[in-house]
Each structure stands twice: as structure tokens, then as C-alpha cells.
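Here is a briefing on charged side chains and their partners.

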Amino acid sequence: EPYGLERVEVMRGPASVLYGQGQPSGVIALVTKRPSEKPMHEVQLQGGSFEQRSGAFDFGGPMTEDKTLLYRFTGLLREGGNGIDFSSDKRAFLSGALTWRPTSETEITAYSLHQRNQGRWNFGLPARGTVLPNPNGRIPVTRFIGEPDIDLTETELTVAGYNLQHHATDSLTLRQNLQYSHENWNRRFVAPLSLRPDLRTLDRRTTNQNYTTDTFAIDNHAELKAATGPLQHTVLFGVDYRWSANDWILNNGTLGPIDVFAPVYGSLANWSTALMGSRQNQNFTGVYVQDQIKLDRWILTLGGRHDWADASTVDTIGGSVTNQNDRAFTKRAGLGYEFDSGVVPYVSYAESFTPLSGRTFDGSPFRPTTGVQQEVGVKYQPRDMNLRITTAIYDLRQQNVMTNDPDHPGFSIQTGEIASRGFEFEAVASLTSNLNLTAAYAYNDARVTRSTTANLGRRPVTTPPHLASVWADYTIREGALSGLGFGGGIRYVSASAGDTLNTFD
């Protein structure tokens, strides 16, 4: 829930050696709201299009005069539609956090959250009648092609954990981060198959799924700042561990087709007695080290990580057991040079290894996703103005990439290899004390470079080659309206492949 977030951290560039379980191109961290030394008391009411309405609160501040104990308590209720017929949703969210500072060198923050959602899954609309011509006309974008009495998705998520930090000395910091989560997902949905020759009758099928996932993760690391002669070091060394248990069961059903131009709802599902299900237990252990070395104006970053991933998958219907053991050593290196003008050219190389949970439609466990990225770029941040410009060219190759299964909606398959080559540019500037500007452009030529199917050489589905955006905001600093701000922007997304064979965009 975005209202429950304090910030979103985007760590651009290779970070998978430190964090594991990620792509070499970057990591996005969602940080829930944490206690604050400054008291805050907010109550919020919102309303919007499609009968959207919500109420929320956010309280926090010190619990003691010496501010050694801080708290944060946040909640939200929301319901409403999204513009598609019958597709209203509901959400309830509650989170809390407590920070304790027993000494000036030690801080621990414990947090928890609980979230419940209810809504309907939408698979989109046929290409013929939306992005492609249809002799029957154009399908309304609000059209619901499922069944109101069948489609229902309910999810429930509970998370608890803590972040511990201790400054052992001026140069040594120890940290431990721990989190446990439990998620339950009940989902009944009607999925589209294909249009009949009349280009208006859509065949469908239905599925009933239940997922339960428990995850425990812990990361221990030390950060040391030291010098060896003229070299200044920032060393990170850590060990992390993650365990997950996934239970999954489903059965399919048949039901009548629907006329996408004149829908009549009320078709009854005929459920199959044949069930599919599995129970998967996984253990991931990683050891990592990184050293950022500074010599005058040079910055050299070297890192390495070794992962052990073990998985046991039990077919709960047939009784078969599949064991999978994967090992990988990944590394990264980066070199940059700081000029007086604020220009920093750099080169970098990174590898990634990401074990995956879950199974394909036929019950096969997913293989880990691996990747290699090479990048050359320039960063510019002058000292006399609030301006930051970054530009880079990159070559990224990933194996066993997850993608939607075109033959079994709601499932995923893995593509042999996808290569992405591109260029990125971003500028963030404060043009005046009132006006801020952000501009960005990205070109990404992504292709399937290894595959046993006909998608070899094709573009991945819904991966646009061009993205561009410009955003500006203005805040009044003086007078009766001081503090009033407003802003706007425009975003461009180019056409992307609509299917694995690239027959339409």
C-alpha cells in the first residue's frame, strides 16, 4: 500500500552482489513508514473517479522526553472501481513501528503490517477490436470479459521484522535485518482463450487457485572504514539467509463463451475433479563482500558473492518429489574518476543470480534467473548548483527470464535468454528556488536471443523500446499563498510487442 510507505529507494546500477535475489540492473526497495522524532498527526479523506473513496490516518513521534523511544501507527480503508465494469476493489491496511535507542550507538526498529485486498482480475481485451481492426466495431475499453459471479481475488499479507544497527567504533558499524511474512491468495478467475471466426464470440475457461507463502529472511553485515597507505576503504561483509515455503493447489473448469460486443453474463462453471498442487520448500544462503577503494580522484568498487540455493518440490496430488540444488558465484567491478567540474565517467561490470519460487503449469520448478551487465556512463553533479545529470549505455543479458504463459493464463514460463542493449539519460534540476524539473529518456532494444520456440529474435511482450518523460513542479515561497505547490508532466511510452511472435503492437 503506497500510503504505508515512507520512501521508495531506487538503487540504479549493479547491486545484486550485495542484496542477492535481484537483477544486475538495479534494486528497488520499499521502505515502510518508520518512527520520527518530530510529532505527526494526520487524518486523510479522499474521493475520486469510479466511486473511489478512502480514509487514512498516520500518527507518530517520540514516546519519551529524551526521544529514546519513538512510534509510528498507520492505517487505511479504501474501496471503489477502476473504470472496468464490475471491477470494484477493497483494501484494508494497518502498520506499526517502534524505535528504541538504548544507547547513542545502538538503534533497533521493530515493525509489522497487515493488509487485506479483495477485487477482480482483468486479463485485458482481444487485439482484434482494440489495437487491430474488427469488422464488428471497437470493443469498449470498459468491457469485462469474465463472470461477476465467479471472478474474485482475495489476498491477505502479514509482515513482521526489525532493523538493528550498532556503531561499534567510529569506523565499524554492525547491522542485522530480519523479516517474516505470510501471504494467502485465493483466486477464482475467468481467462480468455481466443476469438472465434466471427471475431465477436470469445471462448473462455475458468480456474480456482489457492496460494500460501511463508518467508523468513535475515541479513547480517558489517561496514568498516579503513585506510591502507593512500587507499581509503569502505568494506562491506555479510551473510544472508532466506527460507520460503509455498503451497499451491488449483482446479480448472469450463464455461460458455461471451459476446464481447453484447455480453450476457451468468454462465455457470463446470469444475473439473482433477486437481493440481505442490508444496515447495526453499533455502537460500549467500555470503558477500565488497570493497570501495578511493585513491585521490579514482573510485574502484570490487565485490563478490556466493549463493547456495536448495529446493524440494512435492507434487501433493501425485506424490512425486523434485529436488533442485543450485550454486553460483557472482561478481561486480566498477571504476570511476572524479573531476573538479563534478563530472564522473565510469565503467562497470556485474553478474546476478536469482533463485525463483513457484512452478510452471506442468509442475516443473523454475530455474534461477542469471544475468550479466556491462555499462559505460557519465555522471555530472556540479558543486555550485542543484543539478544532477546521468547518462549511460549498457548491454544486459539475462537467462531463464520469467514471462506470462500464453497457453495457460495465470501461469509463467521461462525464456532461454533475453538481451537488452540501450541508452539512458536523466536530468534533475532546481532551476530556481521555486521551480524543479526532471527529464528522462531511455532506449531499450530487447530481443530473445536464446529459445527453443518461434520467439527467437523477437521482442519480449510489452517491453517498449522508447520511454520519455518531463515533470515540473512549482512552489510559492512568499506571500499569503506561501507553501502552495502545483506541478505536471507528460510521459511517452512507445508501442511494444503484443504477443510473443510480434504479430502486432
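**Charged side chains in a predicted model**

Arg332 is buried (under 20% relative accessible area, with exposed over 50% and partly exposed in between; 1.4 Å probe, protein chains only).

Residues are numbered from 1 along each chain as its sequence is written, and side-chain values use heavy atoms, leaving out hydrogens and water.

**Surroundings of Arg332**

- Arg332 sits in strand β16, residues 321–337. Strands (E, at least two residues) are DSSP runs, numbered from the N terminus.
- Its side chain makes a polar contact with the side chain of Gln290 at 2.9 Å. A polar contact is a pair of N or O atoms within 3.5 Å; within protein, one must be able to donate a hydrogen and the other to accept it, and residues adjacent in sequence count only if both atoms are side-chain atoms.

**Salt bridges across the structure**

- Side chains of opposite charge can pair when their charged atoms come close.
- A search of the whole structure finds 27 salt bridges.
- Glu6, Arg7, Glu9, Lys33, Asp58 and Arg72 are linked in a salt-bridge network.

**Arg175 and Glu223**

- These two side chains form a salt bridge at 3.0 Å, N to O.
- Arg175 lies in strand β9 (residues 172–195) and Glu223 in strand β10 (residues 201–228), so the pair ties together parts 48 residues apart in sequence.
- Arg175 is partly exposed at 23% relative accessible area, while Glu223 is buried at 16%.

**Arg305 and Asp240**

- The side chains of Arg305 and Asp240 meet in a salt bridge, 3.0 Å from N to O.
- The pair links distant parts of the chain, 65 residues apart: Arg305 is in strand β15 (residues 298–315) and Asp240 in strand β11 (residues 231–254).
- Arg305 is buried at 1% relative accessibility, and Asp240 is buried at 11%.

**Arg327 and Asp310**

- A salt bridge joins the side chains of Arg327 and Asp310 (3.0 Å, N to O).
- Arg327 belongs to strand β16 and Asp310 to strand β15, 17 residues apart.
- Arg327 is partly exposed at 44%; Asp310 is partly exposed at 27%.

Methods:
This is a predicted model: local features need pLDDT of at least 70, side-chain atom pairs count only at pLDDT 80 or more; totals for chains, interfaces and linings use all residues. Helices (H or I, at least four residues) and strands (E, at least two) are DSSP runs, numbered from the N terminus. Lys and Arg count as positive and Asp and Glu as negative; His and the chain ends are not counted. A salt bridge is a side-chain nitrogen of Lys or Arg within 4 Å of a carboxyl oxygen of Asp or Glu.
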